[in-house]
Amino acid sequence: MTTEILISLLTLIVLEIVLGIDNIIFISILSDKLPVEKRKKARLVGLSLALVLRLILLAGISWIMKLDKTLMTISGIDFSGKDLILIAGGFFLLYKSNKEIFEKTEEGEHTNSAPVSKSFATIIGQILLLDLVFSIDSIITAVGLVDELWVMYAAVIVSISIMLAVAGAISSFISKHPSLKILALCFLMMIGVTLIAEGLDFHIPKQYIYFSMAFSFFVNMMQIRKTSK
């Protein structure tokens with residue numbers, strides 16, 4: 001393995017993990033709606049589906065590349081298959097995030113009943129839908145970075161394996177702190193807006209979003225630490 005290929009592989013693994021954070025947060029929040037004994041299984045199935053989808057999409061790499069071709073033009077804006085998928089996924093993220101925030105604040109203030117557990121199939125269906133959106137975005141990013149197909153396969157498998165290892169800890173940490181749930185949902189709303197903007201050919205640098213959320217997370221952790229003392 002040449003140094004150049006090794007650097008490409010490591011870079012792609014890191015990028016896949018960073019892009020996969022959105023996926024982990026979404027899966028963690030949705031799995032909390034299930035009975036405790038089913039949450040780990042939901043996380044495992046959700047990330048496994050993400051891995052399978054990415055591998056299938058890599059196998060159909062020629063079809064994936066066609067998603068970047070213009071399908072229609074509206075008001076001077078070109079829309080490709082990828083754009084339409086990103087826009088639909090962005091609106092779904094906005095809807096789900098707003099709904100979750102409403103349930104955890106407005107409804108939570110006016111009801112003393114325990115939260116209703118959703119069906120396993122319903123939760124997995126929602127996870128699968130977002131897995132598809134994140135997978136397509138991830139694969140197109142990978143194709144733009146490297147030429148070797150085996151490097152893409154290796155990066156996807158390694159990154160998903162790492163996410164599977166840390167998903168439980170992230171989910172548990174978010175569940176213990178309600179303020180982090182709201183922060184995570186706001187993060188998903190920002191990702192939703194970013195997906196819609198990207199679908200409309202308006203590119204928002206993701207580093208701005210990740211920096212702002214990292215700063216918010218740091219402030220939140222300082223508050224949690226202060227309160228615990």
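This is a short walk through one predicted model, from the overall fold down to a few single residues.

Quick housekeeping before we start. Since the model is predicted, local features need pLDDT of at least 70 and side-chain atom pairs count only at pLDDT 80 or more, while totals for chains, interfaces and linings use all residues. Residues are numbered from 1 along each chain as its sequence is written, and side-chain values use heavy atoms, with hydrogens and water left out.

Okay, the big picture. The protein has eight helices and two strands; these are DSSP runs, H or I of at least four residues for helices and E of at least two for strands, numbered from the N terminus. Going along the sequence, you read α-α-α-β-β-α-α-α-α-α. The radius of gyration is 18 Å, close to the 17 Å from the globule rule for 229 residues, so the protein is as compact as a globular protein of that length. That radius is taken over C-alpha atoms, and the rule is 2.2 Å times the number of residues to the power 0.38. Along the principal axes, the C-alpha atoms fill a box of roughly 55 × 45 × 35 Å.

How much of it is buried? Of the 229 residues, 41% count as buried, meaning under 20% relative accessible area, with exposed being over 50% and partly exposed in between (1.4 Å probe, protein chains only). As for contacts, which means heavy atoms within 4.5 Å, take those with a separation of 6 or more: 82% of them come from residues 24 or more positions apart.

Now a helix pair. Two packed helices are described by the angle between their axes and the distance between the axes. Here, α2 (residues 36-59) and α6 (residues 149-176) pack at about 170 degrees, with axes 10 Å apart. The axes are lines fitted to C-alpha atoms, for helices over the stretch in contact, and angles run from 0 to 180 degrees between N-to-C directions. So α2 and α6 are roughly antiparallel, a label for angles over 145 degrees. On the α2 side you'll find Arg43, Leu47 and Leu51, among others, and they meet a set in α6 including Met152, Ile160 and Ser171. The residues of this contact divide into 16 nonpolar, two polar and two charged. For that count, Ala, Val, Leu, Ile, Met, Phe, Trp, Tyr, Cys and Pro are nonpolar, Asp, Glu, Lys and Arg are charged, and the others, Gly among them, are polar.

Let's stay with Ser171, which sits in α6. Ser171 is buried, at 2% relative accessible area. Setting aside neighbours within four places in sequence, Ser171 contacts Ser28, Ser31, Asp32 and Arg43.

Asp131, in α5 (residues 120-145), is buried with a relative accessible area of 0%. Not counting residues up to four places away, Asp131 touches Asn23, Ile27, Gly46, Leu49, Ala50 and Leu53.

Asp83 is in α4 (residues 81-109), and Asp83 is buried too, at 13%. What does Asp83 contact, leaving aside neighbours within four places in sequence? Asp78, Glu198 and Gly199.

Last one: Asp201, in the loop between α7 (178-199) and α8 (206-228). Asp201 is exposed, at 53% relative accessible area. Most residues other than glycine have a negative phi. Asp201 has a positive phi, near 70 degrees.

Definitions and conventions. Parallel < 35°, antiparallel > 145°, perpendicular 65-115°, else oblique.
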